[in-house]
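Here is a short report on one protein chain.

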Amino acid sequence: MPRAERREQILDAATRAFARTGFAATGLEDVAAEAGVSHVILYRHFASKSDLYRAVLDRACTRLAETVGTDDYDEDSVAALLRAAAADPDGFRLLFRHAAREPEFRDVIDSIRSASMEIAARHLADAIPDSPWRTWAAQLVPALTLEAVIMWLDTGQPEPGHAADRIRRAIQGVIQAAQ
């Protein structure tokens, strides 16, 4: 198998394995078994379990950015986030559930959350006067949105055609509460 293809195979398997039990509880033997490769093959591609996990998170971030974008919030943003989560549920859960609990990798989720709060603050500037309530809403909207998407995944992705609207209504509730 070509090196790039094998690397993708390992990353796919590692994403599944780490999504099941997180970084600390997943061993390289679990990833090797999931990928159907030996430890030697794993070490040809990744120097350590940490390097492998970081590569999995980086790939999930790249996929998310390609689907959702990184600079703005618009009418399609929630639907795009749902599409990204549905396309790579294990990667999405790793980013927003597992990486947030792993001190060594928390920087990944912290940078995403920080960027999300900045985007929310810009978007809310016209709707909410400059006050602690705007700051509150700018912090709460991204957190609520991500948790809503994770819960949507965890409940079997019900009504995909209506999920974005339901999440947008929850966001509107936060905005109205802050006004």
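Helix H1 passes helix H2 in a right-handed crossing. A crossing is right-handed if the near helix is turned clockwise from the far one by less than a right angle, and left-handed if anticlockwise. H1 covers residues 3-25 and H2 covers residues 28-35. Their axes lie 8 Å apart, at an angle of about 145 degrees. Axes are lines fitted to C-alpha atoms, for helices over the stretch in contact, and angles run from 0 to 180 degrees between N-to-C directions.

On the H1 side, the contact includes Gln 9, Ile 10, Phe 18 and Arg 20. H2 contributes Asp 30, Val 31, Glu 34 and Ala 35. Contact means heavy atoms within 4.5 Å. By class, this contact has eight nonpolar, one polar and four charged residues. Ala, Val, Leu, Ile, Met, Phe, Trp, Tyr, Cys and Pro count as nonpolar, Asp, Glu, Lys and Arg as charged, and the others, Gly among them, as polar.

The model is predicted: local features need pLDDT of at least 70, side-chain atom pairs count only at pLDDT 80 or more, and totals for chains, interfaces and linings use all residues. Residues are numbered from 1 along each chain as its sequence is written, and side-chain values use heavy atoms, with hydrogens and water left out.

The protein has nine helices and zero strands. Helices (H or I, at least four residues) and strands (E, at least two) are DSSP runs, numbered from the N terminus. The C-alpha atoms fill a box of roughly 60 × 30 × 25 Å along the principal axes. Of the 179 residues, 42% are buried, meaning under 20% relative accessible area with a 1.4 Å probe, protein chains only. Among contacts between residues at least 6 apart in sequence, 68% join residues at least 24 apart.

Where does Arg 93 sit? Arg 93 is in helix H6, residues 89-98. Arg 93 is buried, because its relative accessible area is 16%. Leaving aside neighbours within four places in sequence, Arg 93 is in contact with His 98, Leu 153 and Asp 154.

Technical notes. Buried means under 20% relative accessible area, exposed over 50%, partly exposed in between (1.4 Å probe, protein chains only).
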